[in-house]
Amino acid sequence: MDYTKKIMHCSNYWYNDGLRKAQIRDLSGAILSLRQSLQYNKGNIAARNLLGLVYYGRGEVAEALVEWIISKNLKPRDNIANEYIQRVQDSSRRLEAMDHAIQVYNQCLQLCRQGSIDMAILKLRQVIGGHPTFVKAYQLLALIYIQDGQYPKANSLLRTASKLDTTNATTLRYMHELELHRSKVPARSEKKKEKRKKKNSVEYKDGNETIIQPAYHIVKTIAGKFTIMNIIIGALIGAMIVWYLIVPSVNQSKSEKTNKQIIEYSEQINAMKAQISAMTRTLDNYRTAGSDSEAAAQNAASTSDSYENLMSASTQYNSGNYTYDVIADSLLNVNRDLLGASGQEMYDEMTGEVYPSACEIKYEAGIEALNVANYSSAIDNLSKVVRMNADYDDGGARLNLGIAYLRSGDNDNAIANFQAVVQEYPDTDYAQEATNNLNMISQNTEETQKTE
């Protein structure tokens with residue numbers, strides 16, 4: 001039996017099943033089927049692109065972009081995912097509106113836990129108005145209306161959510177909850193309904209017992225669950241990215257490992273380009289805000305420069321056409337503290353690979369320049385060595401940097417480096433030589449003062 005063909009057949013079967021479900025707006029079912037398809041064949045480009053479209057149809061733009069970026073990395077050419085990503089990037093205002101809607105939705109979850117239900121309702125209405133395909137916003141607002149006894153409004157919202165995603169488990173559960181509440185509450189006049197809305201508790205009959213629950217209790221509970229759910233979904237998305245991009249086999253050939261690294265770096269570069277774009281927009285906003293935002297604008301500019309230098313170093317590294325000392329010059333212009341988590345991880349990986357060889361190259365160049373009295377070149381090379389590894393040659397780099405400063409007439413920097421050698425490497429020949437130079441500087445200073 002050809003297991004490869006069988007696996008491909010299973011992947012295509014689940015893709016077709018997901019396509020049928022997507023055509024009838026069964027988006028939740030389509031997501032399950034398409035994920036199953038990708039379990040069998042992660043390289044099923046059609047399934048991955050369709051999964052991104054399904055996420056986009058539910059208003060989950062970030063998840064959609066994740067799938068399309070992975071698809072683009074797996075198949076860079078003749079891939080419709082490129083067009084999808086380009087359309088999202090071209091409509092930057094809509095993308096910002098969607099991002100704002102998600103942020104407001106998360107704020108509403110927090111407001112529900114705090115009991116600020118009226119404010120949450122206002123914000124959720126704004127979210128739905130600006131992002132009419134955001135299924136989770138419909139669900140949360142319907143849940144609030146159910147708890148508040150406004151069943152017609154809740155029913156309307158749940159029907160809309162059902163049209164967007166016909167088999168969504170959360171929507172179906174809330175519709176069932178709505179029917180239960182309707183059956184427990186007896187018919188009453190509109191005036192009594194208005195009075196009930198103003199109460200701070202919910203009262204209903206269960207057999208011969210009367211049960212009273214605090215208002216918004218369910219909302220707070222579900223809101224907490226929503227927050228946990230969002231965290232879990234985010235973790236799962238991150239795990240899926242790692243799972244699909246990192247090949248688990250340890251015994252792969254060198255070429256396969258190289259392809260894997262290229263895919264990882266390509267995705268990180270794409271993510272950084274998006275961050276740089278966001279930082280650039282932030283920088284423009286700061287510049288137009290006036291002089292009061294100058295410091296913030298400078299910080300945004302530094303962040304953007306750091307990402308650009310990191311991407312430049314990554315491109316040089318992957319091309320194989322640059323020596324490690326040249327790549328190190330780009331990395332030394334990166335401020336690691338201004339990078340995000342993925343940027344810092346990439347920076348640490350590259351410096352661990354590049355800096356040891358770069359230190360050796362620049363150290364030799366610095367010593368040669370020092371020996372021929374080219375102090376500016378010596379200072380440039382040796383200072384970069386110290387920045388990459390302050391302990392290089394067990395203090396030798398700092399000592400020679402101090403000598404270069406001393407011979408160039410910069411006593412302040414010379415003293416700083418000599419003192420560092422004495423403090424950090426005591427009882428060594430380097431420390432003794434540094435002490436002798438310090439004594440010489442002190443004597444020359446005293447003689448100069450006496451002469452004056």
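Mentor: First a term: helices here are DSSP runs of at least four residues, numbered from the N terminus. Ala373 lies in the loop between H16 and H17. Bear in mind that this is a predicted model.

Trainee: What is phi of Ala373 near?

Mentor: Phi of Ala373 is near 65°, a positive value in a residue that is not glycine. Ala373 counts as partly exposed, at 44% relative accessibility.

Trainee: And Asp393, where does that lie?

Mentor: Asp393 is in the loop between H17 and H18. Its phi is also positive, near 60°, and Asp393 is partly exposed with a relative accessible area of 33%.

Trainee: Switching to rings. How many aromatic pairs does the count come to?

Mentor: The count comes to four aromatic pairs. In one of them, the ring centres of Tyr56 and Trp68 are 6.1 Å apart and the planes are at 35°, so the pair is tilted. Tyr56 belongs to helix H3 (residues 45-57) and Trp68 to helix H4 (residues 61-74), so this pair ties together parts that are twelve residues apart in sequence.

Trainee: Is Trp68 buried or exposed?

Mentor: Trp68 is buried, with a relative accessible area of 2%. Tyr56 is partly exposed at 27%. Tyr56 and Trp68 also form one aromatic cluster with Tyr84.

Trainee: What about Tyr363 and Tyr392, how are their planes set?

Mentor: Their planes are at 65° and the ring centres are 5.2 Å apart, so that pair is edge-to-face. Tyr363 lies in helix H16 (residues 341-371), while Tyr392 lies in the loop between helix H17 (375-388) and helix H18 (396-408), so the pair ties together parts that are 29 residues apart in sequence. Both Tyr363 and Tyr392 are buried.

Trainee: On to charges. How many salt bridges are counted?

Mentor: The count comes to eight salt bridges. Among them is the one where the side chains of Glu67 and Arg48 meet, at 3.0 Å from N to O. Glu67 lies in helix H4 and Arg48 in helix H3, so the pair ties together parts that are 19 residues apart in sequence.

Trainee: Buried or exposed, that Arg48?

Mentor: Arg48 counts as buried, at 0% relative accessibility. Glu67 is buried too, with a relative accessible area of 4%.

Trainee: Which residue does Asp329 form a salt bridge with?

Mentor: Lys362, with the closest N and O atoms 3.1 Å apart. Asp329 is in helix H15 (residues 324-331) and Lys362 in helix H16, so the pair ties together parts that are 33 residues apart in sequence. Asp329 is partly exposed, with a relative accessible area of 27%, whereas Lys362 counts as buried at 5%.

Trainee: And Asp348, where does its salt-bridge partner sit?

Mentor: The side chain of Asp348 meets that of Arg336 in a salt bridge, 2.7 Å from N to O. Asp348 is in helix H16 and Arg336 in the loop between H15 and H16, twelve residues apart. Asp348 is partly exposed, with a relative accessible area of 35%, and Arg336 is partly exposed at 31%.

Technical notes:
Residues numbered from 1 in each chain as written. Predicted model: local features only at pLDDT ≥ 70, side-chain atom pairs only at ≥ 80, totals over all residues. Heavy atoms only, no water. Phe/Tyr/Trp six-rings, centres within 6.5 Å; stacked < 30°, edge-to-face > 60°. Helix = DSSP H or I, 4+ residues; strand = E, 2+ residues; numbered from the N terminus. Buried < 20%, exposed > 50% of the residue type's maximum accessible area, 1.4 Å probe, protein only. Salt bridge = Lys/Arg side-chain N within 4 Å of Asp/Glu carboxyl O.
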